[in-house]
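Visitor: I'd like a close look at one part of this model, please. Take your time with it.

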Amino acid sequence: MGLLLKGGRVLNLENGELEARDVLVEGRHITRIADSIEADAHEVVDLGGHVVLPGFIDMHVHLRQPGFEGKETIATGSQAAARGGYTQVACMPNTRPVLDTPELMKFVIETAEREGFCTVLPYGAITKSELGEELTDIKALREAGAVAISDDGVGVQSSSMMREAMRVAASLDVPVVIHSEDEDLAKDGCMNEGVVSKRLGLPGIPGLAESAMIARDILLAQETGAHLHVCHISDAWSVELVRWAKSMGLNVTAEVTPHHLLLTEAIIDATDGADANMKVNPPLRTEADRQACLRGLLDGTIDMIATDHAPHMEEEKKRPFRTAPFGFVGLEFAFPVLYTELVEKNNLLPLHELVQKFATNPAQVFKLNGGRLAEGALADLTVVDLNTERTINPDEFYSKGRNTPFAGQQVKGWTVLTVNQGRITYQA
Ligand SMILES: NC(=O)N[C@@H](CC(=O)O)C(=O)O
Ligand SMILES: [Zn+2]
Ligand SMILES: [Zn+2]
């Protein structure tokens with residue numbers, strides 16, 4: 001018995017056409033896509049004209065397990081992912097302990113298989129405990145299932161350490177995924193350095209703290225031949241550097257978050273720095289930076305959308321702006337908020353190009369099985385309702401985190417059904 005999705009409109013990822021098709025899922029795969037498929041003995045779900053997309057892939061989330069289960073767990077975070085239309089997420093290693101051993105890779109993968117709602121791909125740390133002092137066993141991490149290596153949460157400050165990591169990673173064909181931050185330049189900043197930080201008297205983080213590290217790491221990638229992937233790009237010069245690296249033929253890719261595409265430090269200005277739900281790293285920057293990120297996404301300099309889903313507890317986010325932790329949740333509304341703002345309202349790109357940045361490109365860049373809608377493809381898919389407007393309401397989140405500056409926004413494009421390897425993981 002299969003799962004028959006009847007009456008949906010399947011998005012053609014090449015030309016953007018919406019094609020009225022039935023989709024049959026048997027086992028873990030899509031076995032047929034046709035005008036009309038007989039129900040036979042299949043379990044039927046009527047899609048009522050909603051749009052069928054490849055399951056989304058988020059290469060940057062924080063699931064907080066082990067160690068910070070009060071903020072999130074693999075179960076709650078992956079359920080939030082399924083609600084957001086995601087079928088695969090890659091989780092960052094800044095847990096406690098840090099994900100820096102093969103045993104911990106195994107722990108994440110097995111916990112996700114047992115309790116999770118999507119495929120979870122763990123990152124292995126670049127350095128032990130993310131202290132920047134000693135390289136991990138990258139080969140062993142890879143063999144245990146690490147999707148790539150990253151010290152996200154902190155930048156690798158030592159250039160020689162990063163050089164050695166890239167040499168090893170290049171020889172193993174493992175992507176090096178960077179949180180670019182020069183700690184010396186970023187100091188104890190809590191928001192973008194500029195007119196707003198000055199007015200509010202808050203310590204700033206200059207864009208240079210990001211771009212200078214990206215420049216260094218592009219040169220190291222050039223020298224070592226490593227695949228460099230830039231996390232949560234936020235600054236205009238950073239985008240320019242990635243564009244240049246690509247023009248030189250280097251293996252450099254990048255991601256951007258919904259918040260850096262849609263928000264600026266103006267929201268912190270407007271609220272006088274009173275709400276730490278607006279605090280994130282890298283910080284929300286200027287309108288010029290936001291426009292540069294947008295342009296980079298549209299011209300292909302930036303390959304994909306990643307949420308950097310970073311749940312924190314309400315008490316923590318109630319602290320003063322200066323001392324509250326950095327981070328926003330994002331999994332449950334990333335697609336609706338970007339569909340609404342970029343596609344529906346402002347017509348900046350067509351639906352199928354947005355979907356490429358949510359599914360096809362992450363699969364391609366990280367060589368994952370996913371991002372395709374075709375007979376024989378893995379049955380990772382998401383069905384979205386492009387018409388019904390709903391409010392982003394943190395009280396409804398499956399995530400334990402409620403920390404988002406997008407709360408209250410009215411958006412369309414909500415997921416109605418998510419299927420991960422043939423299993424229904426979310427149904428509205
Ligand atoms: N993005 C954030 O503001 N916070 C992340 C760390 C990170 O992604 O660098 C976190 O782990 O909370
Ligand atoms: Zn980071
Ligand atoms: Zn992160």
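Visitor: Is D308 buried or exposed, and why?

Guide: D308 counts as buried because it has 29 C-beta neighbours inside 10 Å. The cut-offs, with C-beta atoms placed from the backbone, are 20 or more other C-beta atoms within 10 Å for buried, 12 or fewer for exposed, and partly exposed in between. Before going on, a word on the ground rules: this is a predicted model, where local features need pLDDT of at least 70, side-chain atom pairs count only at pLDDT 80 or more, and totals for chains, interfaces and linings use all residues. Residues are numbered from 1 along each chain as its sequence is written, while chains are lettered from A and ligands numbered from 1 in the order in which they are written.

Back to D308. Its place is the loop between β15 (304–305) and α12 (314–317); helices (H or I, at least four residues) and strands (E, at least two) are DSSP runs, numbered from the N terminus. The backbone is worth a look too: D308 isn't a glycine, yet its phi is positive, about 55°. Most residues other than glycine have a negative phi, and most peptide bonds are trans.

D308 is also one of the residues around ligand 1, along with H62, N94, D152, G153, H179, V280, N281, A310, P325, F326 and G327. To make that list, a residue needs its C-beta atom, placed from the backbone, within 6 Å of the ligand. Sorted by class, the shell holds 6 polar, 4 nonpolar and 2 charged residues. Here Ala, Val, Leu, Ile, Met, Phe, Trp, Tyr, Cys and Pro count as nonpolar, Asp, Glu, Lys and Arg as charged, and the others, Gly among them, as polar.

You'll find P282 in the loop between α10 (266–270) and α11 (287–298). A cis bond also runs from R96 to P97, with omega near 0°, and P97 sits in the loop between β7 (86–91) and α2 (102–115).

But D173 counts as exposed, because it has 11 C-beta neighbours inside 10 Å. So D308 is buried, whereas D173 is exposed.
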